[in-house]
Amino acid sequence: LVGDTEVRDWSASEQSLLVEVAERTWAAVERARAEATLRESEERYRALFESMDEAYAVVEVLKDEAGRWSDFRFIEVNPAFMAHTTMPW
């Protein structure tokens, strides 16, 4: 066992297994750190997006069969956009 208190000789397969477990553990820790950093970044963006006074919208242009702009799809808008445009929710 890894937690043995006695000195012992590790077989090649045991050493290999221990290295593999350590590598997988490290990868999981790094992935968790990256996900936490991304969550924090998204939370900061969301707070700014929701609280700023400037109207902001992400839209997709919709085109007709001839390729002309015919409409917009609002992907995301902030509360200021709704207030400034008086668009219904």
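Is histidine 84 buried or exposed? Histidine 84 is exposed, with a relative accessible area of 56%; exposed means over 50%, buried under 20%, and partly exposed in between, with a 1.4 Å probe and protein chains only.

The model is predicted: local features need pLDDT of at least 70, side-chain atom pairs count only at pLDDT 80 or more, and totals for chains, interfaces and linings use all residues. Residues are numbered from 1 along each chain as its sequence is written, and side-chain values use heavy atoms, with hydrogens and water left out.

**Overall form**

Two helices and two strands are found in the protein chain, and their order from the N terminus is α-β-β-α. Helices (H or I, at least four residues) and strands (E, at least two) are DSSP runs, numbered from the N terminus. The radius of gyration of the protein chain is 27 Å, whereas a compact globule of 89 residues would have one near 12 Å. That radius is taken over C-alpha atoms, and the globule rule is 2.2 Å times the number of residues to the power 0.38. Along the principal axes, the C-alpha atoms fill a box of roughly 75 × 35 × 15 Å. Of the 89 residues, 6% are buried.

The protein chain carries 10 positive and 19 negative side chains, and the centres of the two sets are 4 Å apart. Lys and Arg count as positive and Asp and Glu as negative, while His and the chain ends are not counted. Each charge is placed at NZ of Lys, CZ of Arg, CG of Asp or CD of Glu.

**The hairpin**

Strand E1 (residues 57-63) pairs with strand E2 (residues 69-77) in the antiparallel sense, over seven bridges. Two strands pair if DSSP finds at least two bridges between them. Valine 58 has glutamate 76 in E2 as its bridge partner, and glutamate 60 stands opposite arginine 73 in E2. E1 and E2 form a hairpin with five residues between them, and glycine 67 in the turn has a positive phi of about 90 degrees.

**Helix H2 and the segment after it**

Histidine 84 is in helix H2. Leaving aside residues up to four places away in sequence, histidine 84 touches Asp53 and Ala55; a contact means heavy atoms within 4.5 Å. Threonine 86 lies in the segment after helix H2 (79-85). Threonine 86 is exposed, with a relative accessible area of 66%.

The table gives C-alpha distances for these two residues.

| Residue | Other residue | Apart along the chain | C-alpha to C-alpha |
|---|---|---|---|
| Histidine 84 | Methionine 52 | 32 residues | 12 Å |
| Threonine 86 | Glutamate 30 | 56 residues | 45 Å |
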